[in-house]
Amino acid sequence: MSEEGDIWEGDKLQRKEEAKRLIGYLETMATRRSLREDSHGFVLAVDAPYGRGKSWFLRRFAKEMGKNHPVAFVDAWTDDLQDEPLVALAATLRNAFDQPSHQSPELKARLAKFVDRAGKVAKISALGASKRALAYLITEGAVEAIGAIGDVSEDGEKAIGKATDEVIEKAIKQTPIASVSMEARIDEFNQARTEVDNMKAALRELVAGVGEEKGLELPIVIVIDELDRCRPNYAIKLLEEIKHLFDVEGVAFVLGMHAGALRHSVAVPYGVNFDGAAYLGRFVNQRYMLKDVPLHRILHDLIEERGLPIDRLRAPQVYQDERGAVEIHPGYLIGYYMHAAGLGPRHAFPVVDRLENCLALTQGAPLMLPLLIPMILADQQGEPFENWGPQRLQSWQFVFFSNYDPGSGHVTFDEALSRLKKYANIAEINRSSIMKQEDPVGDYFIDFCRIEPRNLLSNPSNYEELLSLVGRFKSISPAS
């Protein structure tokens, strides 16, 4: 994707202008000299709850900014498996210079120097991790040895003590650091600090090279997405390495996150009283909230992204003054009901999850949204469906066409729901008696029910049973 039209194709949420403003902001702030001695690079957190198109936005933001800047994109959740954030950051930064316009001999030499020095720091970091793991290995080995002893009686404590001592002694003999003098450890410490300084010096040289290169602009940008979905320890390690290893003027990080979720995540290793917000504040210069997206647009995109069969999601036409009677996308219809029920974007995922499960359990049959969606929402809110009927369903009307009346009935959503509730509870639907009332709503409902045999979950009279079955499926995703 090199052309602007290709980058932002399908931009249903109008994010392009938002991205361009953010790029201008980043270009200014990331090249401005910091007044803090402990901070030289610039870290911007792009914050949005799940389902707001954050990942879609960041990938295209990276491509847009990459027109004039070296930009690396890191999927932290994918790289989480490697457990080596420095390697992931160095590798993606090298990829940021893959374009021919970023590959002058001088720039390539500076990049190679940085990668080499980052590799030395990574080795030291791995060794440090091995040393910190020693206590865990001792404990784990002792537990395994104790387990092998089995059930002991009066000599139990002595046996356990002996087993533990043997494991510790064995671990000490096998661990080189046990016999290393303090002077040697100080030398190792100083060597590690020197390697980190050398790496940061090489990064500064790379930044200077970008500043001298025609066709390139500062800052160098590293976009990190899905940070809030990583294991807490990996997220913390990644943030720490950004702070201590890449804090160089002319380098900017853009972190994609749901700050609320990440605050809870980083607090896990430290306990419930840990101030996750204050901790994140150590690493982030500014936090930017993506602009709100209309609820109906979130639902529309969720339904499309998941490939739900909208031809199975049935509803009458909706009458709107400026457009007359029209078919509307299920996402807009569901959004209308959710808004009337006082539910916001964070409820979109669980509502669509339940709808998706309803579709899966009814195996190809159509579902009547004007009845099913209010039932889902009542269940979502923990309210009895008999009492559910928001009084704000007034601005739109359903249009029910009668088979026996050339005219049509305009019925408010509230009225339609009230009648559909009544018809769904009729044990045996008497088509002729309802038709004598010249009731287009009843006519529409009876026609639908005739398509769906009464013994199937897809019949509206069985929606309560359908939702009871759906309720046994529980999502473990953070979005729900």
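**Exercise 1. State which strands helix α10 lies across, and its angle to β4.**

Solution. Helix α10 covers residues 232–245. It lies across β1, β3 and β4. Its direction is at about 160° to β4. Angles here run from 0 to 180 degrees between N-to-C directions, with axes fitted as lines to C-alpha atoms, for helices over the stretch in contact. Helices (H or I, at least four residues) and strands (E, at least two) are DSSP runs, numbered from the N terminus.

This is a predicted model: local features need pLDDT of at least 70, side-chain atom pairs count only at pLDDT 80 or more, and totals for chains, interfaces and linings use all residues. Residues are numbered from 1 along each chain as its sequence is written, and side-chain values use heavy atoms, with hydrogens and water left out.

**Exercise 2. Give the strand order of the open sheet and find its edges.**

Solution. 
- Step 1: the order is β2-β3-β4-β1-β5, five strands with parallel pairing. Two strands pair if DSSP finds at least two bridges between them.
- Step 2: β2 (71–75) and β5 each have a single partner strand, so they stand at the edges and one side of each lacks a neighbour in the sheet.
- Step 3: neighbouring strands are turned by 20° against each other on average, direction ignored.
- Step 4: count bridges. β1 and β4 (residues 251–257) share six. β3 (residues 220–225) and β4 share five. β1 and β5 (residues 286–289) share four.
- Step 5: pick out partners. Ala45 has Leu255 in β4 as its bridge partner. Asp47 has Met289 in β5. Val223 stands opposite Val254 in β4.

**Exercise 3. Decide whether strand β1 is enclosed or open, and check both faces.**

Solution. In a regular strand the side chains alternate between the two faces of the sheet. Take β1, residues 42–47. One side carries Phe42, Leu44 and Val46. The other carries Val43, Ala45 and Asp47. Six of six residues are buried, so β1 is largely enclosed by the rest of the structure.

**Exercise 4. Describe the surroundings of Ile222.**

Solution. Ile222 lies in β3. Its relative accessibility is 0%, so it counts as buried. Beyond neighbours within four places in sequence, its contacts (heavy atoms within 4.5 Å) include Ala72, Val74, Leu93 and Phe246. Leu89 is another contact. Ile222 and Leu89 are 133 residues apart in sequence, yet their C-alpha atoms are 8.0 Å apart.

**Exercise 5. Characterise the packing of α13 against α15 and α14.**

Solution. Two packed helices are described by the angle between their axes and the distance between the axes.
- Step 1: α13 (residues 295–305) and α15 (residues 348–362) have axes that come within 10 Å and cross at roughly 40°. They are therefore oblique (under 35 degrees is roughly parallel, over 145 roughly antiparallel, 65 to 115 roughly perpendicular, the rest oblique). The crossing is right-handed: the near helix is turned clockwise from the far one by less than a right angle.
- Step 2: Leu295, Ile298, Leu299 and Leu302 of α13 meet Ala348, Phe349 and Val352 of α15. By class, that is seven nonpolar, no polar and no charged. Nonpolar covers Ala, Val, Leu, Ile, Met, Phe, Trp, Tyr, Cys and Pro; charged covers Asp, Glu, Lys and Arg; the others, Gly among them, are polar.
- Step 3: the axes of α13 and α14 (residues 330–340) come within 8 Å and cross at roughly 135°. That makes this pair oblique. The crossing is right-handed.
- Step 4: the α13 side includes His296, Arg297 and His300; the α14 side includes Tyr332, Ile334 and Met338. This contact has seven nonpolar, five polar and one charged residues.

Definitions and conventions. Buried < 20%, exposed > 50% of the residue type's maximum accessible area, 1.4 Å probe, protein only.
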